[in-house]
Amino acid sequence: MITESVEEYLEAIYRLRERGEAATTTSVAKELRVAPASVTEMLKKLANQGYLKYAPYRGVTLIPKGEKIGKKILRKHRIMEKFLSTLGLPKSRIHKDACELEHHIPDDLERAIHQKVEGEKPLPSGAPSNVVPLTSLLDRQKGVISFIGGGRGASQRLADLGLTPHTEITVVKSALFHGPLMISVRGTTLAIGRGVAARVFVRVK
Amino acid sequence: MPTAEKEPITIALAGNANVGKSVIFNYFTGLHQHIGNWPGKTVEKAEGTLHFKGRTIDVLDLPGIYSLSAFSIEERISREYIAIEKPDVVINIVDASALERNLFFTLQLLELETPMIVALNQVDVAEGKGITIHVPELQKFLDIPVISTIATRGTGLDKLLNKAVKVAKSKKLARPARYGREIEEKIRRVTKLVEKIPIKYPPRWVAIKLLEGDEEIRKIVGRIDPKLVSSAERHARDLERIHGEPCSIIITAERYNVANKIARKSQRITPPRGPSLTERLDAVTTHPIMGYPILIGVMLLVLFTVFTVGGYLSGFFEDVMEPIQGAFGGGAGELIGGGLLGGLIAGVAIVLPFILPFYLILTFLEDSGYLPRAAFMTDSLMHHMGIHGKAFIPFILGYGCNVPACLGCRVMETERERTIAAFVVTLVPCAAVTVVVLGLVGAFVGIHWALALYLLNLVIIFILGRVAFKVLPGESMGLIMEMPPYRKPHARSVLKETWMRVKDFVYIAFPLIIIGSVVLTGLKVGGLLEPIGNALSPITVGWLGLPAITGVMLIFGILRKELTLVMLATLMGTANFATVLTPTQMIVFAIVVMYYIPCIATIAALVKELRWKKAAYITVFEIAFALLLGGIAFRLLTLA
């Protein structure tokens, strides 16, 4: 039986990796808002149980067993967030509730909710939901915007430039050193910083 | 209907950035234009007049924006101007090569219910992309006149002006486009409520803004009828429940739906064979490897050009003006010769020669489309300084001269980002500081010490930039910018733009430089320098461990930083500084000069970009910081 806390850790590490940040004791602690000391303990434990590789001071890397769980929990979290927001709940509650629910949603229920909120044909059974941040797309890959998280200013600015839900966007290229992404949307080319792009969630085509 | 006295007309130009708005503005107004600021704002306001068929026409160039959502000052200014000041006609300039995105803005303008006409510009660029637009069809959808133009060649512009005047005279208001049923229903309900209250804006527009949760409009309406705001909020919640998005995003998406429909129905796209010029250039200029040498090359070329041309012009003006200055002697004579003329010479011979080529090149690069590419390549580096890619060019220019660098900070979108960028830029050691560092520390202490000072400077910039990023209030958007296609710069527009900018700078900076110069000379003539030097000695001697005479030099350095070294030589009576200063004193002196104050011309530039208060904060902070750092360095170095 995997405990909720294990799931939380793997989710956080997966989230960091998705953003292109190194998963160190400090960054994981910051992500989970816990003390670095307890993180070190837990990371060692997770390494012993074969979820990840742990190198002191260098950070951790997920190995397939841990990666699978981290990815799944994060996906459930996002679907629950999206679902809760359709209920018109305040933003402050949505994240908190999604953090709770993500550990208790069976896979088939997740798929059903996903179909409901994304309004698409039923996914082939067992297929993972494919909503990812824009930053995890490769060059020349296309995606359809699912939702944009984060501050109101930036999301409105993005919407004004044509990045509204259900719009198709293509990643043209991304700059080195975690630089910005060049994207093409509605016949125009834009550059958006990586921090901004990490909050744009797309369904991969 | 002929009348003897024709009424003057006001035309406002509105549109996205990079659509050729300024080219049209220049075509209409020629040299009869002036650039100022909007009252109380740091946003540029360009106005001009022309005479057309016996009628005076005022043309106002609104800032290039993508929306009227009031998140930036530019957007707020634009919509206030159109809704409240009510120009006789708005010319909406639309980029034919990016029709959908441009129509999104057009739809927002239509919501303001003002006489309006569309200039479908850059049809040549659109054709290059394989896009042909059926003008009558577009006209039918928008229900306002559409004129296709190629501004850079002057094509269609006379027709545009003619039509604009006609629309202005007819006073026919544009009708807002209709949105989807759900949304229209909500808009209709809220509009009904708004119609009952006295408000200067079009009721439907107010209703939409209330649904979007627009802060400004909520405040205005809230003062008249707070219940109206909360019932609009309830309607907005209803929409949010259905769509699962904030209402402002729902409405934005709906406008884009309509824009998309109009664009699809009025344009035909035949994809061109092979990659476009922009694509081919982009493949190289933003290439992960090749892009960087190109960037460095362009930057070096800019610095080199600015400094060779600037140096040449500077020398030329100095030769011409020096003899004039020498003709004045005696107390009052020196005040005029040294103060007034000295200040003028500093302006003409030192600042202007560098500003002129800089503005020319900056405008050229801006017009060509390279600047966004440079920002794209350097964004992640600049993030470490608390700013983003767009501040890269100003930052690099700072090493030449802080003045154009500060002026270049206007490319940052938000006030907060502009402030941080300008602050960071004033910490960059300019060429004059380099003269002091190399001429003093480099020559007499050792080149490795000079390099260490530069390294320390970089570290300090990174730290202070980040601190400013953390403590300054306001929103930082991060990098979100358009990458317009590359294009051949339009020579006349570039020259005109350069001229306007230089003129604008002279108006602001020259009075400051001249007054500063007169005051300093006055102090010298009045024999006050020595007392001031002595008054400062607790700081210079006590805290920094420097000779008392340096106080006077530092004061003169406010005018021109390289003057500190020149004066050091004259006042000490020797150019062999090793005989008068210890190595520690040289290093401390160089550190203080590096940071202690932006020179007076830079302060003028700061005032122009950020206004007095922030310019004063930055100045005071840098003086305190320089003294602190100098004092610490003095203690550390004497310890060692």
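**Close-up views of a predicted two-chain model**

Across the interface of chain B and chain A, 14 residue pairs are in polar contact, with both partners at pLDDT 80 or more.

**View 1. Chain B meets chain A.** On the side of chain B that touches chain A, the elements giving two or more residues are α3 (99-111), α11 (247-266), α12 (277-285), α15 (370-383) and β10 (480-482). The largest share comes from α11(B), with six residues. By class, this side of chain B has 16 nonpolar, 13 polar and 11 charged residues. In total, 40 residues of chain B contact 39 residues of chain A. The two chains bury about 3300 Å² between them. Carbon and sulfur atoms give 59% of that area.

**View 2. A salt bridge between the chains.** Side chains of opposite charge can pair when their charged atoms come close. Two salt bridges are found across the interface of chain B and chain A. One of them joins A:R157 to B:E75. Its N to O distance is 3.0 Å. Over all chains, the structure holds 26 salt bridges.

View 3. Strand β7 of chain A, residues 188-192, is joined to β10(B). The two strands run antiparallel, with three bridges between them. A:I192 has B:I480 of β10(B) as its bridge partner. β10(B) spans residues 480-482 and is also among the elements that give two or more residues to the side of chain B touching chain A.

**View 4. Domains 1 and 2 of chain A.** Seven residues of domain 1 are in contact with eight residues of domain 2. About 730 Å² is buried between these two domains of chain A, 48% of it on carbon and sulfur atoms. A:E4, A:E7 and A:E11 supply 57% of the area that domain 1 buries against domain 2, more than any other three residues. The side of domain 1 that touches domain 2 has one nonpolar, no polar and six charged residues. Even so, zero salt bridges are found across this interface. Three residue pairs are in polar contact there, both partners at pLDDT 80 or more.

**View 5. A salt bridge between two helices of chain A.** A:E31 and A:R15 meet through their side chains in a salt bridge, 3.5 Å from N to O. A:E31 lies in helix α2 (residues 25-32) and A:R15 in helix α1 (residues 4-18). The pair links distant parts of the chain, 16 residues apart.

**View 6. A hairpin in chain B.** Strands β3 (residues 44-52) and β4 (residues 55-61) of chain B are joined by seven bridges and run antiparallel. B:H51 stands opposite B:T56 in β4(B). Two residues lie between the strands of this hairpin. In the turn, B:K53 has a positive phi of about 50°.

**View 7. The domains of chain B.** Chain B is assigned domain 1 (9-170), domain 2 (181-269) and domain 3 (291-477 + 494-639). The centres of domain 2 and domain 3 of chain B, over C-alpha atoms, are separated by 49 Å.

Notes:
Residues numbered from 1 in each chain as written. Chains lettered and ligands numbered in written order. Predicted model: local features only at pLDDT ≥ 70, side-chain atom pairs only at ≥ 80, totals over all residues. Heavy atoms only, no water. Contact = heavy atoms within 4.5 Å. Buried area = accessible area lost by both parts, 1.4 Å probe. Salt bridge = Lys/Arg side-chain N within 4 Å of Asp/Glu carboxyl O. Polar contact = N/O pair within 3.5 Å; in protein donor to acceptor, adjacent residues only side chain to side chain. Helix = DSSP H or I, 4+ residues; strand = E, 2+ residues; numbered from the N terminus. Nonpolar A, V, L, I, M, F, W, Y, C, P; charged D, E, K, R; others polar. Pairing = 2+ DSSP bridges. Domains from an automatic or database assignment.
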